[in-house]
Amino acid sequence: MGIFSRLKTLIAANVNALIGKAEKPEKMLNQLIIEMNEQLIESKKAVAMAIADEKKLEREKDNQFAQSKEWERKAMLAVTSGKDDLAKEALLRKQEYDNASAQYQKQWEAQKLSVDQLKESLRELQTKVEEARRKKNLLIARAKRAEAQQKIQDTISSVSVNRSAFDAFDRMAAKVDEMEAMADASKELQDLSSGANLERQFRELEKSDASADIMLLELKEKMKALPEK
């Protein structure tokens, strides 16, 4: 079980190191997936070795048991042949193999239990790595959205703090409004001036005509006053 504890410690250490460097989330997540896969491969190798040891113990247990049976058969053969002393020797050898078989049985059972636990832990680790792979793209997308939102907020904050460009724009807009108003006023004055000039011309014309009439009347009156020839 120690390898999985080491795996957990190693991944945790790498996470802290990457976070401490303030790496971009996408780069950090990709690196973590790579390290998880590497450690998963190493864990599979360790479990495979544990399984091989279990199989080796099982074969040795079975071999010791088979040897015990063989010496039991030989003891029976010696008894059948009337050779009890030889039968006793065979039974003593059988007992040795029985003892060894019992020891291997205990070791094999303990190793098998350990292997079963390792297999379960490996399956759990495999599931977590696969889950991490599935979540990676989602986390990257969320991180990018958060980064974009932060940039927008920073821009809004900077505008709130320093509005010189926007204030200048507003002043320029006001200046354009003023220029348009001045142009309209000038045009209106020009129109008024043109109208006044036209009215003056008519007044002068009317005045000129009236003066001529008066002079004509005066002339006629003067002519009537003259003596006839």
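Tutor: Buried here means under 20% relative accessible area, exposed over 50%, and partly exposed in between (1.4 Å probe, protein chains only). This is a predicted model, where local features need pLDDT of at least 70, side-chain atom pairs count only at pLDDT 80 or more, and totals for chains, interfaces and linings use all residues. Residues are numbered from 1 along each chain as its sequence is written, and side-chain values use heavy atoms, with hydrogens and water left out.

Student: OK, what percentage of the 229 residues is buried?

Tutor: Buried residues are 17% of the protein chain.

Student: And how many helices and strands are there?

Tutor: Four helices and zero strands, counted as DSSP runs (helices H or I, at least four residues; strands E, at least two) numbered from the N terminus.

Student: Switching topic: where does K24 sit?

Tutor: K24 lies in the loop between helix 1 (2-20) and helix 2.

Student: Is K24 exposed or buried, and why?

Tutor: K24 counts as exposed because its relative accessibility is 61%.

Student: Nice, thanks!
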